[in-house]
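Subject: Structure handover

Hello,

Please find the structure below, with its sequence. My notes on it come after that.

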Amino acid sequence: MSNPLSLRLAGGLALIDSAMLDADICIDEGRIAQNAARTVDVTGYLVLPGLIDLHGDGHERHFAPRRGAQDDPCAALRATEAELAANGITTAMIAQFYSWEGGMRGPDFAWRVARAIAGTPCLTDLHLQVRLELSLHEAFADVEALVEEAGARYVVLNDHIAHDALAQGKRPKRLTGQALKSGRSPDDHLALLQRLHSEMPKARAALPGLVARLKARGVRVGSHDDRTAEDRAAFRSIGADIAEFPETRAAAQAAVAAGDPVIMGAPNVVRGGSHDGKIAAADLVADGLVDALVSDYHYLSLHRAAFRLHGEGLALGDAWALVSSGPARVMGWTDRGVIAPGHRADLVLIHAETHRIEGTICAGRITHLTGELAARMVAG
């Protein structure tokens, strides 16, 4: 691994204490420093904290593009890292399902991704987020083993079972497609769903103990797609105190009122609303109900969401906080998310006019470099 840079970034506009200032930024020994050995002119560029992505499942396209096209998980992770770096992301949670859905969302695939993260040298700071289908109560011990071996920092609880349809004796929508992806026959897949649906009381009874044990290890736990204030209260009562993608304003308001962080998807902001008719993330941001934006299924959307919010009137410092200092606070990371002496030198350099990301620096090491900035770095 290359040595960290000793570099003064001179002439750019830097985000410091929520304001854009004319300031030179020095990097040395992987940290923001007072002095540096070499100077590069970054006039015309914005110098911003590196993006922190707490939930991104864009890795799936690299791990399983088409059947048989990718059989090397380490190569898939390197491709994922390259995409992360090109989009200014310096800390990333790889959001991996542990689900009854099987295939790339099944337990075996979760272990494969976790071991790829542990076994692949990367400059980007990568972590595993486990997206646990809470109905899988018989697998909770295996989930704990996965979290411990992977050093996972964040577990989010999902429930994607179509309980309403199953309770009425109906076949859930898209069952045949799900079955084929999981490697089961439609009848076997339906039987599995019916069993998991009937055993939800057991899963609900086992869930508080699992959450307590995870939190004792320092793992953050959240819930996904809360629909109501009552949903949020129920998850909070067992220690799942992050509201990830609440579907309604009521759920988001209940989270904020109780001091629970709210995470929303950046693609929702870029699109101007949810793809399936749920609450618009930008509306929640405008009302101060969002702590962090995440890439969800599209890494490119993270920085684009911040600039879109800025274009709609939000101060750039406040918009960028949703993708830098806000996520850092959610995770309790005090060494990143802002540009300040002693903090990690996690930076993204963006052309001030085009908003093109031309440089990404993680802990003082270059992970992405292109365009005019690359020419200046080489010449300087």
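The model is predicted, so to speak of a local feature requires pLDDT of at least 70 and a side-chain atom pair counts only at pLDDT 80 or more, while totals for chains, interfaces and linings use all residues. Residues are numbered from 1 along each chain as its sequence is written, and side-chain values use heavy atoms, with hydrogens and water left out.

Helices (H or I, at least four residues) and strands (E, at least two) are DSSP runs, numbered from the N terminus. Two strands pair if DSSP finds at least two bridges between them. Eight strands make an open sheet with parallel pairing, in the order S8-S9-S10-S11-S12-S13-S14-S15. Strand S8 (51–56) and strand S15 (292–294) are the edges, each pairing on one side only. On average, neighbouring strands of this sheet are turned by 25 degrees against each other, direction ignored.

Within the sheet, strand S9 (residues 89–98) pairs with strand S10 (residues 125–133) in the parallel sense over eight bridges. Phe97 stands opposite Arg131 in S10. Helix H2 packs on the sheet and touches S9 and S10; its direction makes about 135 degrees with that of S9. Angles run from 0 to 180 degrees between N-to-C directions, and axes are lines fitted to C-alpha atoms, for helices over the stretch in contact.

Two packed helices

Helix H2 (residues 73–86) and helix H3 (residues 107–119) pack at an angle of about 70 degrees, with their axes 9 Å apart. H2 and H3 are therefore roughly perpendicular (65 to 115 degrees) to each other. Contact means heavy atoms within 4.5 Å: Pro73, Cys74 and Leu77 in H2 meet Arg112, Ala116 and Ile117 in H3.

An aromatic pair

Rings of Phe, Tyr and Trp (its six-membered ring) pair if their centres lie within 6.5 Å; planes under 30 degrees apart count as stacked, over 60 as edge-to-face and the rest as tilted. The whole structure has two aromatic pairs. Phe63 and Phe109 form an edge-to-face pair, 6.1 Å centre to centre with 70 degrees between the planes. Phe63 lies in helix H1 (residues 60–63) and Phe109 in helix H3, so the pair ties together parts 46 residues apart in sequence.

A hairpin

S4 and strand S5 (residues 31–33) pair in the antiparallel sense over three bridges, and Cys26 stands opposite Ala33 in S5. S4 and S5 form a hairpin with two residues between them, where Glu29 in the turn has a positive phi of about 55 degrees.

Regards

Terms used:
Parallel < 35°, antiparallel > 145°, perpendicular 65-115°, else oblique.
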